[in-house]
Amino acid sequence: FSHYINYTKLENTIYNKLGTLANKYIKDKEEFEDIIKSEYVDQKVDKLKKIDELNHWVEDLKRKQDSLYDDKFNNIINVETYQRLFNATEEDIKTAKNKLKVLQSEISSIEEDSSCYVEYLDIIKNFLDMKNPTKEIMNRLIDKIYVTKDKKLEIYYRIKKESISVRK
């Protein structure tokens with residue numbers, strides 16, 4: 001359903017809510033940055049640890065393949081057993097390398113998200129410094145606004161990890 005609200009009231013409400021949100025983030029900037037750091041750095045460290053473990057596993061698998069070759073060469077195992085074990089080890093290496101690609105992609109995503117938060121801090125600071133924020137800054141901070149049938153506003157911000165909905 002379509003609902004109407006006075007533009008000046010809409011604009012003032014949005015400026016006030018953004019001002020409150022912006023002041024909160026600037027006031028708690030250190031806490032906000034700590035949250036970013038702890039969340040994203042911890043995620044990145046976990047991924048890097050998994051990458052390190054996978055790299056060690058790949059190296060172990062390669063040593064296993066070398067050992068299999070030595071066993072075949074010294075007639076400890078026959079050719080069929082060698083091929084079966086070598087192929088199984090090769091599959092494990094491929095699986096590990098695919099997991100490594102996924103983890104690298106996840107790390108890139110983590111870095112992108114964390115830089116996004118730093119960018120939001122800059123946008124919020126710009127918003128606070130302006131007497132009349134530009135439409136561009138408003139668009140970068142707000143995802144969507146709904147007017148309910150009882151003429152209340154629901155403002156959804158673009159800040160990713162915090163799905164903030166403010167009712168007025």
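Three aromatic pairs are present in the structure, a pair being two rings of Phe, Tyr or Trp (its six-membered ring) whose centres lie within 6.5 Å. One of them joins tyrosine 69 and phenylalanine 73, whose rings are stacked, at 6.4 Å centre to centre and 20° between the planes; planes under 30 degrees apart count as stacked, over 60 as edge-to-face and the rest as tilted.

This is a predicted model, in which local features need pLDDT of at least 70 and side-chain atom pairs count only at pLDDT 80 or more, while totals for chains, interfaces and linings use all residues. Residues are numbered from 1 along each chain as its sequence is written, and side-chain values use heavy atoms, without hydrogens and water.

Tyrosine 69 and phenylalanine 73 are about one helical turn apart, because four residues separate them in helix α2 (residues 29-73); helices are DSSP runs of H or I with at least four residues, numbered from the N terminus. Phenylalanine 73 is exposed at 62% relative accessible area, whereas tyrosine 69, at 42%, is partly exposed. Buried means under 20%, exposed over 50%, and partly exposed in between (1.4 Å probe, protein chains only).

Tyrosine 69 also pairs with tyrosine 82: the centres are 6.4 Å apart and the planes stand at 70°, so the arrangement is edge-to-face. Because tyrosine 69 belongs to helix α2 and tyrosine 82 to helix α3 (residues 79-129), this pair ties together parts 13 residues apart in sequence.

Tyrosine 82 is buried, at 13% relative accessible area. Lysine 72 lies over the face of tyrosine 82, 4.7 Å from the ring centre; the criterion is NZ of Lys or CZ of Arg within 6 Å of the ring centre and within 35 degrees of the ring normal. Tyr69, Phe73, Tyr82 and Phe86 together make up one aromatic cluster.

Methods: Helix = DSSP H or I, 4+ residues; strand = E, 2+ residues; numbered from the N terminus.
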